[in-house]
Amino acid sequence: MKDMTRGPVLGHILGMASFIALSTAFQTLYLLVDLYFVGRLGKEAIAGVGMAGNLTFLVLALTQALGVGTTALIAQALGRKDRDHAELLFNQALVLSILVGAFFFLAAFSLRQTYCLWLAADPETAALGQRYLGWYIPALFLQFALVAMGAALRGLGDIKIPTLIQIATVVLNIVLAPVLIFGWGIGHPFGVAGAAMASFLAILSGWRR
């Protein structure tokens, strides 16, 4: 734990801001990596994944709202040397993030077909978007708790570990995406669903760290 009550305030602010901005950028990279690789599958695949990926920005807004509050409250509790209250805040933030994530998952997963048919220009694009969301929505659900845990670490003054975890998951996503999309080395291509599977497995690995 880093004592944020010591040292120059400007240095702490710049350090926290840079790592938080980097963390936010990495949340969007899962979708960008998927778009890059599915581009080889045709314009309908790009349109389907891009349309489905709009949900990324909704999750980004929700997780950042939860994360910013968690970081601020835990940092204040630790600044008062009240570790018990900091632990209580962490538990509350984790439970709240899981509840919000579960509500998002149930709503998005049950409405994914309607969502794709409403936005897609043709049935093929809608089908590809729905296939992608079948795995991508669970991946987005995992981000809720992962962001809450990262926010708690930032409240402790640790800004490197959550950022390194996100970097590692994005790198794993880059490695897995072509394998699962095109079947490299496994002999079974999953197409657009493989892109979402790569994101899901990459984010799931972040939980184990």
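Are Phe104 and Phe144 buried or exposed? Both Phe104 and Phe144 are buried, where buried means under 20% relative accessible area, exposed over 50% and partly exposed in between, with a 1.4 Å probe and protein chains only. This is a predicted model, in which local features need pLDDT of at least 70 and side-chain atom pairs count only at pLDDT 80 or more, while totals for chains, interfaces and linings use all residues. Residues are numbered from 1 along each chain as its sequence is written, and side-chain values use heavy atoms, with hydrogens and water left out.

In one of them, the rings of Tyr36 and Phe37 have centres 5.1 Å apart and planes at 80°, so the pair is edge-to-face. Tyr36 counts as exposed because its relative accessibility is 55%, whereas Phe37, with a relative accessible area of 9%, is buried. Phe104 and Phe144 form a tilted pair, with 5.8 Å from centre to centre and 40° between the planes. This pair links distant parts of the chain, since Phe104 belongs to helix H4 and Phe144 to helix H5 (residues 123-155), 40 residues apart; helices (H or I, at least four residues) are DSSP runs, numbered from the N terminus. Ring pairs also link Phe105, Phe109 and Phe141 into a cluster.

Helix H5 itself has 33 residues and reaches 46 Å from its first C-alpha to its last, close to the 48 Å expected at 1.5 Å a residue, the expected span being 1.5 Å times one less than the number of residues. A kink of about 40° lies in H5 at Gly134, shortly before the proline Pro138, the bend at a residue being the angle between axes fitted to the seven residues ending there and the seven starting there.

Elsewhere, Lys81 is found in the loop between helix H3 (55-79) and helix H4 (83-119), and Lys81 counts as exposed because its relative accessibility is 58%. Although Lys81 is not a glycine, it has a positive phi of about 65°. Most residues other than glycine have a negative phi.

Finally, a search of the whole structure finds one salt bridge, a term for a side-chain nitrogen of Lys or Arg within 4 Å of a carboxyl oxygen of Asp or Glu. Glu44 forms it with Lys43, the closest N and O atoms being 3.3 Å apart.

How values were computed. Helices (H or I, at least four residues) and strands (E, at least two) are DSSP runs, numbered from the N terminus. Rings of Phe, Tyr and Trp (its six-membered ring) pair if their centres lie within 6.5 Å; planes under 30 degrees apart count as stacked, over 60 as edge-to-face and the rest as tilted.
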